[in-house]
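This report describes selected features of one protein chain. Please consult the sequence and the three-dimensional structure while reading.

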Amino acid sequence: IGRTKGGLNSKAHAVVDENGRPLVLLLTEGQMNDHKGAKLLFDALPPAPVLIADKGYDSDEFRAALIERGTMPCIPPRKTRKTQHTHCKILYRQRHKVECMFGKLKDWRRVSTRYDRCNNTFFSSICIAAFVTFYLNQ
């Protein structure tokens with residue numbers, strides 16, 4: 001759990017498949033940058049032709065690692081970037097599946113309000129919610 005002005009905070013990262021089902025979940029401190037979380041997730045990424053992510057994951061190191069792996073990054077550049085990379089806006093629209101996945105997880109009151117003080121307990125509740133929501137209700 002990271003400390004911020006608003007109190008204790010954490011951030012959930014997720015890798016989803018083309019149907020919006022979570023494959024990999026990660027919980028990091030709230031003040032940690034997204035591209036640092038991407039470094040932690042990189043080895044667990046399944047092989048895919050394209051990776052769609054938001055602006056928080058925009059870093060040269062992450063892009064280079066994806067290209068070396070054979071995955072095309074579809075990540076819009078941050079406004080403050082010196083070299084603006086291009087991305088496919090039509091393909092980027094598919095990112096709504098990730099947002100819908102987080103929305104379904106937040107239907108669980110325990111996940112949305114974060115009553116748990118312990119990271120392990122909170123992450124366990126996220127994993128249970130994801131399993132029940134996406135894999136048992138098929």
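## The largest pocket

The largest pocket holds about 1,200 Å³ of space. Its lining consists of 49 residues, and those closest to the centre of the pocket are Ala14, Val15, Val16, Val98 and Phe102. The structure under discussion is a predicted model.

Several elements each supply at least two residues of this lining: strands E2 (7–16), E3 and E4 (50–52), together with helices H1 (34–41), H2 (60–69), H4 (96–105), H5 (109–113) and H6 (119–136). Strand E2 provides the largest share, namely 9 residues.

## Thr28 in strand E3

Thr28 belongs to strand E3, which covers residues 22–29. Thr28 has a relative accessible area of 8% and therefore counts as buried, because the cut-off for a buried residue is under 20%.

The side chain of Thr28 forms a polar contact of 2.9 Å with the side chain of His13. When neighbours within four places in sequence are set aside, the residues in contact with Thr28 are Ser10, Lys11, His13 and Leu40.

## Tyr92 in helix H3

Tyr92 lies in helix H3, which spans residues 89–92. Although Tyr92 and Ile52 are 40 residues apart along the chain, a distance of 6.3 Å separates their C-alpha atoms.

Ile52 is also one of the contacts of Tyr92 beyond four places in sequence; the others are Ala53, Asp54, Cys74, Pro76 and His87.

Notes:
Residues numbered from 1 in each chain as written. Predicted model: local features only at pLDDT ≥ 70, side-chain atom pairs only at ≥ 80, totals over all residues. Heavy atoms only, no water. Helix = DSSP H or I, 4+ residues; strand = E, 2+ residues; numbered from the N terminus. Buried < 20%, exposed > 50% of the residue type's maximum accessible area, 1.4 Å probe, protein only. Polar contact = N/O pair within 3.5 Å; in protein donor to acceptor, adjacent residues only side chain to side chain. Contact = heavy atoms within 4.5 Å. 1 Å grid on protein atoms, 1.4 Å probe; cavity = no way out; pocket = protein on both sides within 12 Å on 5 of 7 lines; lining within 4 Å. Points joined across faces, edges and corners; volume = space filled by probe spheres on them.
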